[in-house]
Each structure stands twice: as C-alpha cells, then as structure tokens.
Amino acid sequence: MSAVNIENVTKRFGQMVAVADVSFEVKPGEFVTLLGPSGCGKTTLLRIIAGFLRPSEGTVRIGGAVVNDMPAHLRNVGLVFQSYALFPHLVVRDNVAFGLRMRGVRRREIDRRVGEMLDLVQLGDRALYLPSQLSGGQQQRVALARALVTQPTVLLLDEPFSALDRKIGELLRAELKRVQRRLSISTILVTHAQDEALMLSDRVAVMNLGRIEQVGTPERLYERPRSRFVAEFLGRSNLVRIVQSGRDVRIAGPVEGEGVPMPGTSGIAIVRPENVRLYPPDSELRADRYGGTIEDVQYLGHARIVRVRLDAGVAIEAIALSGSDWKPDAASRVTIEIPSGSFHVIGEPTLSGASELDPSPR
Amino acid sequence: MTGAQNREDARGWVTGSVAVVTLAFLLLPQIILLVESFTADSYLAFPPTRYGLRWYAFILSDDDWLDALRRSLLVAAIVTPVTLLLGLMAAYALDRGPPRGRRTIFTLLIAPMILPHVVLGLAQFQVVFWSHMQDTVTAYVLAHVTIALPYAIITIGASLQVFDRRLEEAAQSLGAAPWRAAFHVMLPVIRPGLVAATIFSFITSFDEFIITYFLSTRRVTVPIQIFNSLSFQLDPSIAAISGLTLMLTIGLTGFLMAGGQIASGGRILR
C-alpha cells in the first residue's frame, strides 16, 4: 500500500489547466519531491493532496483510502508552509500541541509528545516563546514539529526553505532529512530549487506546464534526463547535435536554428560540463577532442565555468576545478575532450524539424 | 552646527508647536470642563473657588440623572455585543463571500456613517412612531446598532484583510474542522479588530444624541438629559455628568486595551 497515490489527476480553473493528467505514488517512508518552475502546477497538486482543492478529474488516495471527498481536517496530513504559518497568539508549545488538542488527546499524553517533538527539532528550551520571538529557522522547525507530532500519514512541505537565508536553509535541509529518516515518514516536498530536490529526495518528479515530465531517482534524472526540459532544469548542461558511427559519438553542430535537420546528424544529446575536459591548445588532436576559443570564464571559487566556442560553431561549457596549474583565460585557445560515453541522447531529429525535445505545447 | 542641522531643528520646533496648539485646542475645553466638575460651588465657573465631589454625589443620587445613566448603560450594553456579532458576520461574509455585489453590499452597510443623522433620525422617528415604540430601549438599540455597525464592519474587516488564511489551512491540516479553525485561530488573531469594534460600538451608542432625540420623549439617555437640563439651567451637574462620561469612555478604552495585553500575556504564562 502506498502512502499517497495520485491517479490521472487533472485540475482546471475555468479554461486554465493547472494540473494535467498526473499520476504518481509515494511509498511508505519515501521522500518524493515535486520539482518545477513557478506555475508548473506543483503547488496546486500539493493543495489537492492536502484537501484545499478538489481535483477536476482523477483519484487521490492517502494511506489506501480515496480522499477526493474528504475535507482537509480528516485527512491526517502534516503541512509546512513557506511562510511558517505558526499561530501568532500561541507559544511554541501550544502551537505544537494544537493538532493533538484538536484530536482530544489527553493532557499528559500531549505534554509528553510535544516535549519529545520539541527535543527532536532541538527547541526544547523555546517551549514558552511566542513565534515572533524566534528566528525564521527556529519558526520553521516549530512548524515541522507541529506537523509531525500528530503522526500524519504523509508530510507535505510547500517550499519550506525559500523564505530562509541560504545558510540557515541548508542547515534546516540537513535537519529535515535527519528527522524524516528517523521517523521514516512519507514526505512530499514542493520546490523550484533543484539542489534541494537532488539532495533530499528518494525520487524526484519534474513538473512542467501541469504535467510530470519525468519521475526517478536524483541520479537517474541528472544522468539520464528524458527531455531537454529535465536536462536543463537539473544542473548545467550542454545541448548539441551529434553524429554517431558505431561507438563513436561526435559533435556535429549547434541545436539552435532548428528546422531542417543537418544531413548526417543522428540525434540531439546533452553533455554535463563536469564531463568536459580542458587541455592546453597544443594538445594532440583526437577524434574526441575539439579545438576552440574561450569566450567567457565565471569564477566560482572552487571552480571556474569556462565557455568555449568550438571551431565547429558550438558553445560548450566546461568546469575547471581551481587548484590546477593551468588557469583558463578569456580569448585564449583551448582543446576540449568529450569522451563518447559522456553524451546522453535525449531526442532524434525528425524531417519535420520538430524534435522530441519538448512534447508539451507552449 | 551645520545649516542642515539648523533647518532640521527649526522644522522639529515648528512641528512640535503646531502639535501642541492643536492638542490644546482639542483638549483644553474638556480639561476645563473636567476641572469645573470638581467644584464645590453652586454655580459653574472656572476656576472653581472650592473643590469637592458635591456634584458627582448629586447626579448619582438625583433620580433624573440616575435614570438616564442607567438607560444609557443598558442600551450600550445591548448594542455592543449585537453590533459586534453582526459586524463580525458581515465583515466575514464580505471577506470570504463571492466577489459579486461585494462593493454594493459594503456601501449599503456603511451608508449610515455617511448619511446625515438628522435624516436617519427623521426616518426612524416615523417607523418608531407608527409601531408605537417611542421611548423604548428596543427602539434606541435598533437605532444605535444601525449607526455603530459601519464602524464594526470597517475595523473587523480591516483585521480580516490582513489575516493570513494559511493559518486556518494549517489548523485544518492539524485536524480542526473549519469552524474550529475559525474559533481557535482566526478569532484570537483578529482580536485587535474585535476590541476596536467593541470600543467604537459602546462609545457610539453611549454618545448618540441626534437619532435618540427623535425617538424619545420622556425616557431619555444621558446626552439628551444633558441637553434638556442645559436648556433651562446651567449648574455644575452638567459638568459632573460630562466628567463621568469622559472618564467612563477613557476608562473603558484603557480597560479593553489593557485586557488585550493581559490576556495575551497570560497565555505565555499559562
């Protein structure tokens, strides 16, 4: 039995289709992220699961039971908002106790469970503070404790780190993962931040224009994206036309300026920048090496993003880790190497010129 | 000292002076009246030659004044909760209901605030006259609720507008049915608006003169008793009743505001 099961769910607002025929499931204890740009339907889907919106079509199951007609307060889900949504008139302890009080749990039992939960999120010493007396990170930990203390079937997180400073957000992410593993609670995270999705999730569902583009483990999505959208949404990527002969894959030219496919090209592929190796310009030229000129260098501290314009016309991004002897300079010549195995084919060019890259209509 | 600082100082001085003069203009007559109310003389004069509580004792033992005071307090005590409840319901409906016709309904509800009270009074006089409700507490309550309601709707509506509905959603996800989420989360959070509406309603009712004047003949409220007694005699009892009204208003405001503070502080310590 899955914790959450979404079957062919569609949500329309008048003429606008916010969620289009989406299906996926969350297994018990699994951490699934809905990842996508704003307006992709991920928050709408979360609100459908939470019970604040009704699906126009399809079935939502929580813990095996169909909940389409069940009001939010009977669904036993835990919800954490971007804005924390703590009750400002209640101290931390009473915020966390709220769900238990609503369920009529005995006072002694409430005190025990609230105490445990506050210890778990390391806020045992803040029990009598008002939310306004806490920092953003502390408030979000209270919100997490409040959502977890009722032992929900599924924990729903709506962009929980977006309102926090980067550093605090990172700390809280690690803490969330720790708590989630410890309680092995089924979790759905909604976010637009790919690093969060990759770091926290067992599986990620990438959403675009109301549809799920691809579901899979973070590794699978990063290394084997099925569409250009997934490839470009997760990390940096170079998109190129390739020619394939046997095992050898070579860059044939740029993807942009589509329309008529180039004669002899056999597909479109992505190459991740970390798989592009940089060599001095006078290096030996082999089949998997290309000469080019450095167009731009972005210094990131631990590495540099180097954009190279190949003599064949394609721009390729590569990562040069800091600390090596050689320092890439803009406008200088360079040789790059892309092993055949580093190309990941994501689409076949067709005669009509419409590739498989973006199946959803804009 | 630089020129900029000089200009800054001058501007502060001018602003301060204007504020003082304005406040003096607004408050001085009332302060003078308050001082006069503590006179022990038998005539109204400033400053009094002797001080005492003679006139307070007088109005609290005089049948006419006591009768008016009791009636005013009774009416205000009914008007306040009725207005609060109706105002909350109206403001909630305007906030959450369908947007169609919202502006029209809002305008109709707050119209009594804009319409001349003389016209309102005349209109209500006819209704009350035909239904033989002159001199009744019911008539006064209905009239006062009409004019207090706009203030309640506006103040409660303002706090509903800034109320974050995600708080209610959070409460619902924690197992609270919608009405419990409203009761346990929305009402406590919009409390400042409710407190303000309470104060406005009570004061509006207690102070109301024009419409009540149309609806009453013998059984009067405090403002009308003041007016009536003013028309044939000018003794310090008027200053005393005014002082009492003033202190009641200020005291009530202070009490409700302090009550709000104490109640939320008490929650911390509970």
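Trainee: What is the buried area between chain B and chain A?

Mentor: Chain B and chain A bury about 2,100 Å² between them, 63% of it on carbon and sulfur atoms. Buried area is the accessible area, taken with a 1.4 Å probe, that two parts lose on being put together, summed over both. This is a predicted model, in which local features need pLDDT of at least 70 and side-chain atom pairs count only at pLDDT 80 or more, while totals for chains, interfaces and linings use all residues. Residues are numbered from 1 along each chain as its sequence is written, chains are lettered from A and ligands numbered from 1 in the order in which they are written, and side-chain values use heavy atoms, with hydrogens and water left out.

Trainee: How many residues does each chain bring to the contact?

Mentor: Chain A gives 26 residues and chain B gives 21 residues, where contact means heavy atoms within 4.5 Å.

Trainee: What makes B:Asp95 buried or exposed?

Mentor: Buried means under 20% relative accessible area, exposed over 50%, and partly exposed in between (1.4 Å probe, protein chains only). B:Asp95 has 17% relative accessibility and therefore counts as buried. B:Arg165, at 42%, counts as partly exposed. The side chains of B:Asp95 and B:Arg165 meet in a salt bridge with an N to O distance of 4.0 Å.

Trainee: How do you know whether A:Arg166 and A:Glu170 are exposed or partly exposed?

Mentor: A:Arg166 has a relative accessible area of 63%, so this residue is exposed. A:Glu170 stands at 29% and therefore counts as partly exposed. The two form a salt bridge, their closest N and O atoms being 3.5 Å apart.

Trainee: Why is strand S16 of chain A described as largely enclosed?

Mentor: Six of the eight residues of strand S16 (residues 303-310) of chain A are buried, so the strand is largely enclosed by the rest of the structure. Strands here are DSSP runs (E, at least two residues), numbered from the N terminus.

Notes: Helices (H or I, at least four residues) and strands (E, at least two) are DSSP runs, numbered from the N terminus.
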